[in-house]
Amino acid sequence: MRQIPVDTTGATVMVAQPPQLKIRDKKTGQVAVDNESGSNLMTVDVLFVMNGNAEVITVTVAEPDISGELAMGTPVALTGLVARPWENEFNGQKRHGISFRAVAVTSLAKAG
């Protein structure tokens, strides 16, 4: 599978939606797990601002690799962020997009 490294240098990234369990199968409620570690996967919606453009992206990360309190508006660092193009066919309709995966999501908020 193709992976494209994403350079976050110079970007402002903050939590738009706190972490939630990633559901693999909506019908059964089965939670998605990391193939290597077996940990539950989480999704975090972040506001990614760079060069005057802002976009909300959903980033997948293993649950143990989320550190700090990730409330809405919390500035975060995305370690090892990659983009993965995907395509599938469901009921005769082709769909495609880009998914984002990070090695870690870390709060940059000062403890106080």
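How much space lies in the largest pocket? In this predicted model, the largest pocket holds about 1500 Å³ of space. Its lining consists of 37 residues, and those closest to its centre are Lys22, Ala32, Leu41, Thr60 and Ser99. Strands β2, β3 (23-25), β5, β6, β9 (82-90) and β10 (93-101) are the elements that each give two or more residues to this lining. The largest share, seven residues, comes from β9.

| Class of lining residue | Number in the largest pocket |
|---|---|
| Nonpolar | 15 residues |
| Polar | 10 residues |

In soluble globular proteins, nonpolar side chains tend to be buried together. Here the largest nonpolar core has 17 residues, and Val46, Val59, Val76, Leu78, Leu81 and Val105 have the most contacts inside it. At least two residues of this core are supplied by each of β2 (12-21), β5 (41-50), β6 (53-62) and β8 (76-79). Strand β5 provides the largest share of the core, with four residues.

Leu78 shows how such contacts reach along the chain. Leaving aside residues up to four places away in sequence, Leu78 touches Thr8, Val13, Val46, Val59, Ala104 and Val105.

**The salt bridge**

Side chains of opposite charge can pair when their charged atoms come close. The structure holds one salt bridge. It joins the side chains of Arg101 and Asp34, at 2.5 Å from N to O. Distant parts of the chain are linked by this pair: Arg101 belongs to strand β10, whereas Asp34 sits in the loop between β4 (30-31) and β5, and the two are 67 residues apart.

Is Asp34 buried or exposed? With a relative accessible area of 12%, Asp34 is buried, because buried means under 20%.

**Thr43 in strand β5**

Strand β5 also contains Thr43. The relative accessible area of Thr43 is 17%, so this residue too falls under the 20% limit and is buried. Which residues does Thr43 touch, not counting residues up to four places away in sequence? They are Pro18, Pro19, Gln20, Lys22, Thr58, Val59 and Thr60. Among these contacts, Val59 is one of the residues with the most contacts inside the largest nonpolar core, while Lys22 and Thr60 are among the residues closest to the centre of the largest pocket.

Key: Residues numbered from 1 in each chain as written. Predicted model: local features only at pLDDT ≥ 70, side-chain atom pairs only at ≥ 80, totals over all residues. Heavy atoms only, no water. Core = buried A, V, L, I, M, F, W, Y, C linked by side-chain atoms within 4.5 Å. Buried < 20%, exposed > 50% of the residue type's maximum accessible area, 1.4 Å probe, protein only. Contact = heavy atoms within 4.5 Å. 1 Å grid on protein atoms, 1.4 Å probe; cavity = no way out; pocket = protein on both sides within 12 Å on 5 of 7 lines; lining within 4 Å. Points joined across faces, edges and corners; volume = space filled by probe spheres on them. Nonpolar A, V, L, I, M, F, W, Y, C, P; charged D, E, K, R; others polar. Salt bridge = Lys/Arg side-chain N within 4 Å of Asp/Glu carboxyl O.
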